[in-house]
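Subject: Structure handover and notes

Hello,

I am passing on the structure we spoke about.

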2 protein chains.
Amino acid sequence: MTPTGTTLVDSLRSGDARALARAISTVENRAPGWSELLKALFPHTGKARVIGLTGPPGAGKSTLVDQLAKHYRNKEENQTIGIIAVDPTSPYTGGAILGDRIRMQDHYSDPGIYIRSMATRGSLGGLARATADAATVLDASGRDLVMIETVGVGQDEVDIVRLADVTVVILVPGMGDDVQTIKAGIMEIADIFVINKSEREGAERVEREIRSMQSLASRNDRWMPPIVKTVASEGVGTEELAKAIADYEAYLKKENLILKKNVENWQERLVEMLRDAMLEKARSQMDGGSLERYAAEIAEHKRDPYSLVEEIVRGAERN
Amino acid sequence: MTPTGTTLVDSLRSGDARALARAISTVENRAPGWSELLKALFPHTGKARVIGLTGPPGAGKSTLVDQLAKHYRNKEENQTIGIIAVDPTSPYTGGAILGDRIRMQDHYSDPGIYIRSMATRGSLGGLARATADAATVLDASGRDLVMIETVGVGQDEVDIVRLADVTVVILVPGMGDDVQTIKAGIMEIADIFVINKSEREGAERVEREIRSMQSLASRNDRWMPPIVKTVASEGVGTEELAKAIADYEAYLKKENLILKKNVENWQERLVEMLRDAMLEKARSQMDGGSLERYAAEIAEHKRDPYSLVEEIVRGAERN
């Protein structure tokens, strides 16, 4: 444990938002000390509720998350909140940062809400890993509730929401031809369905489709994911959604499923962590330009990549 | 080289569709002999053109790919085609297989078109890896053209289309609020933009948005991605798209960028291959139930995962 690390952990635990931002950046960018920091934070984790929200572009996720945040900040609930908005934006346009600023204005005066955007940073390291680590930091900082909001329904998003205790899948009427495909891809991960913009034509059709696909899906528990209709832009349905979330949490508790879910999540995360760490090990054994050189030899068909990888793994790479 | 492998490679090279299907399944599922098979196929690769097509759900990708396939099968072009349709469908509903069948009927009598669906199979192994390997098999089998069609704009899709020589991004009018975000995420990977369903209201707006974002984006070459308008369901714009693809291929050739692109692609792929192979190595050193046991200890806070991973990587795991 470095002295810097100790100080950062202390500031973080005392609720300092700047320390929080710095700690998340440290783990996100794998900056020096990231590993020691996570080790020091780990004993303080496991207290926050983690809610994952995902859905296709245009479903109104951000608005819904903002509404939920307002709900959980009200007097009865009075929870402190961390929001991680995972954004598949390009480094050029600064979409993530911009979106961050616009949305933060709303809650600017409320230190009980901390919003962090995570942008795609290429395949190395991985967005799911970075998001998991950011959630760990928010949890350790003492936030009562962490909401992870992510666009899309690809494997990335499945990996990201998998670390949540509760997964909310947001759909919207009139999504076009591939809506069946999307829904099929997320039937397994949805604990709760939201039909947002439910005042629009086609809301009943989406509901029917979810119901008919539910009859095909087999969850490994007996929870039947409810469908909540919302109009997030007008705050309609937020209370119902919060209630559905609370119901599912109560179900998890009653059936003693929380630990089971955690064990499953950690199995997945351990594999990902191992994968990254082992890659680092392999790369550290290669000298600077060798990856580029190998790639050139493969592109010119002077070397086959499959044998090369076996060689490197055996620790017998030629330089 | 096993005798089975040799036979499979020979049948595959002779154009046998059943051998092709078996070879793709072997590498996709990492069935016994997959590695030897890929090694044997590698010398036969590098001849096929690879075109990647991606876009959000509902953009009409499949229809557009079918139209392109028809175009490339006509008398003047007369190319043999392999199509890989990457589908984020669930194992429950069999969406991938179903879609496969429906679409195959169209080309059923034409052995010059081979269609293969790839479904998401959890995070292990990875869809991008499986798709790359399937493309390698199709290339080695002697197909002139490989089209990779994938839904969405997440990191998965970026990884998948990255292995294509030409990347076509398909957009559609009226996609809703997050359209800016989507476009930002794919500005770097699009060599050609398609606005499909361009008879619909809003097509000009999508075009203006692409143009305005292009002024912000900085490609590391001087290619200005053209925008092609199509109505795929009526075959409108297919010829123009094929011409845009040919133009870009000519540009790559003229500027000597093909090898450069290949080297970059192989760098990415090598890292992914190393990551998987090193994970395998780490897992092979762990006994059967130890991952589950570790995950349980972490979930119960008896052990911190970051130190554990370091331990395993050092090859000093306790059992």
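This is a predicted model: local features need pLDDT of at least 70, side-chain atom pairs count only at pLDDT 80 or more; totals for chains, interfaces and linings use all residues.

Residues are numbered from 1 along each chain as its sequence is written, while chains are lettered from A and ligands numbered from 1 in the order in which they are written.

Chain A has 13 helices and seven strands; helices (H or I, at least four residues) and strands (E, at least two) are DSSP runs, numbered from the N terminus. Of its 319 residues, 47% count as buried. Here a residue is buried if 20 or more other C-beta atoms lie within 10 Å of its own, exposed if 12 or fewer, and partly exposed in between, with C-beta atoms placed from the backbone. Two residues are in contact if their C-beta atoms, placed in that way, lie within 7 Å. Among contacts in chain A between residues at least 6 apart in sequence, 75% join residues at least 24 apart.

The largest nonpolar core has 151 residues. Such a core is a set of buried Ala, Val, Leu, Ile, Met, Phe, Trp, Tyr and Cys residues joined through C-beta atoms within 7 Å. The residues with the most contacts inside it are Met147(A), Ile148(A) and Ile192(A), along with Met147(B), Ile148(B) and Ile192(B). Leaving out residues up to four places away in sequence, Ile192(B) touches Val166(B), Val168(B), Pro225(B), Pro226(B), Val228(B), Ala244(B), Ile245(B) and Tyr248(B). In soluble globular proteins, nonpolar side chains tend to be buried together.

Two helix pairs

One pair joins the two chains: helix α12 (residues 290-299) of chain A packs with helix α11 (residues 258-284) of chain B at an angle of about 120°, with their axes 8 Å apart. Axes are lines fitted to C-alpha atoms, for helices over the stretch in contact, and angles run from 0 to 180 degrees between N-to-C directions. α12(A) and α11(B) are therefore oblique to each other, given that angles under 35 degrees count as roughly parallel, over 145 as roughly antiparallel, 65 to 115 as roughly perpendicular and the rest as oblique. The crossing of α12(A) past α11(B) is right-handed; a crossing is left-handed if the near helix is turned anticlockwise from the far one by less than a right angle, and right-handed if clockwise. From α12(A), the residues in the contact are Leu291(A), Glu292(A), Tyr294(A), Ala295(A), Ala296(A), Ile298(A) and Ala299(A), and they meet Leu259(B), Asn262(B), Val263(B), Trp266(B), Gln267(B) and Leu270(B) of α11(B). By class, this contact has 10 nonpolar, two polar and one charged. Ala, Val, Leu, Ile, Met, Phe, Trp, Tyr, Cys and Pro count as nonpolar, Asp, Glu, Lys and Arg as charged, and the others, Gly among them, as polar.

The other pair lies in chain B, where the axes of helix α2 (residues 17-28) and helix α6 (residues 127-140) come within 9 Å and cross at roughly 150°. That makes α2(B) roughly antiparallel to α6(B). Leu20(B), Ala23(B), Ile24(B), Val27(B) and Glu28(B) of α2(B) make the contact with Ala130(B), Asp133(B), Ala134(B) and Val137(B) of α6(B). Seven of these residues are nonpolar, none polar and two charged. The crossing of α2(B) and α6(B) is right-handed.

Single residues

Glu28(B), in helix α2 of chain B, is buried, with 21 other C-beta atoms within 10 Å. Not counting residues up to four places away in sequence, Glu28(B) touches Met118(B), Ala130(B), Asp133(B) and Ala134(B).

Thr238(A) lies in helix α10 (residues 238-254) of chain A and is buried, with 21 other C-beta atoms within 10 Å.

Glu204(B), in helix α9 (residues 203-214) of chain B, is exposed, with 12 other C-beta atoms within 10 Å.

Arg30(A) has a positive phi of about 55° although it is not a glycine. Arg30(A) lies in the loop between α2 (17-28) and α3 (34-41) of chain A and counts as partly exposed, with 16 C-beta neighbours inside 10 Å. Arg30(B) also has a positive phi of about 55°.

Regards
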